[in-house]
Amino acid sequence: QKTLMERIRNELLEEIRNYESLTESVEEPRILLIGQIEAGKSSFFNSVNSIFRGHVMLQAASGYGVTSISKMYQTYPVHDRKDGRKLPFILCDTMGLERNFNEEDTISNNKGYVPNWYEVRLPCHFTDVCKPRLADKVHCVVFVAEANKISLLNQNLLKKFKLIRAEVNKIMIPLLVLVTKIDEACLEVKKDLTKVYRSRYLYEKVTQLGQMLGVPVSCISLVKNYSTETEINLHADILLLKALQQMLRAADACFDDMKQKGDAQRRSS
């Protein structure tokens, strides 16, 4: 007999496997991860990939260093072990915002002008040289921050984030926040991941982050990525899948907003 947690995990897996976007023109919403160096953007992809493969995978480059591991804009499709098919979403990774990264590059990513494996260099500005399809654009932006380093977010990074936030708001792309390494920030949670939403310390950190970034707490997810583990963990899986579920729902909100805007434009013309 399966436990409640196992049933929750399986329900989340099935919901994501069977996800269908609200528009026929986009089968796979693109989710763009931005944020601090070493915060866990590539590790989040590896972790999601691990869940659907059934064992820990290290496909995206992740690690520690002075400069960002992710020097390119890269898209990561995820395949399901169940039948081998590609799952209905694409995760997009970028280099850390602190180092040699121009917020205009992120804005271009959102609008769909950056090809896969594009190496981000400065100065680099994209122009509207082509009209990308809706499927080529980004449908949800996720700012990734490390739980232990929330108070260390510098003014330069916050300024870049706020410029990006203003732009994505203008083009109606939802923005979420992913807080990683929660086990390193709170000993109680390290011992028992089920206590993540009962941790006073993490609650205070999340509230602080929401205020710094100007986003509601309801838009912030907390996760523990797979990094040194060799086996997947039920409770870590649930946190990761719930974060991914929120991203897909945000993408749906993006499609809904676009549809309403299109309907309004047609009525006024």
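Which residues is F143 in contact with, leaving aside its neighbours within four places in sequence? I started my notes there.

**Ground rules.** I'm working from a predicted model, where local features need pLDDT of at least 70, side-chain atom pairs count only at pLDDT 80 or more, and totals for chains, interfaces and linings use all residues. Numbering runs from 1 along each chain as its sequence is written, and side-chain values use heavy atoms, with hydrogens and water left out.

**F143.** I took contact as heavy atoms within 4.5 Å. With neighbours within four places set aside, F143 is in contact with I34, G35, L97, L153, L157, F161, L176, V177, L178 and L213.

**Core.** I next looked up the nonpolar core, meaning a set of buried Ala, Val, Leu, Ile, Met, Phe, Trp, Tyr and Cys residues joined through side-chain atoms within 4.5 Å. Buried is under 20% relative accessible area, exposed is over 50%, and partly exposed is in between (1.4 Å probe, protein chains only). The largest core holds 75 residues, and F52, F143, I182 and M247 have the most contacts inside it. Helix 8 (residues 234-268) gives the largest share of this core, 12 residues. In soluble globular proteins, nonpolar side chains tend to be buried together.

**Helix 7.** Helices here are DSSP runs (H or I, at least four residues) and strands likewise (E, at least two), numbered from the N terminus. I checked the length of helix 7 (residues 200-213): at 1.5 Å a residue its 14 residues should span 20 Å, and the end C-alpha atoms are 20 Å apart, which agrees. The expected span is 1.5 Å times one less than the number of residues. I then listed its buried residues: L202, K205, V206, L209, G210, M212 and L213. Down the axis of helix 7 they fall within an arc of 165°, so they line one face; the arc uses directions from the helix axis to the C-beta atoms. R200 and Q211 are exposed on the other side of helix 7. The buried residues pack against several elements, including strand 5 (140-146), helix 4 (155-170) and strand 7 (220-222). Just after helix 7, I noted G214 with a positive phi of about 75°.

**I16.** I found I16 in helix 1 (residues 4-17), buried at a relative accessible area of 1%. Not counting residues up to four places away, I16 touches F52, P88, F89, L241, L244, Q245 and L248. I16 and P88 are 72 residues apart in sequence, yet 7.8 Å apart in space, C-alpha to C-alpha.

**Whole chain.** I counted 8 helices and 7 strands. Of the 269 residues, 52% count as buried.
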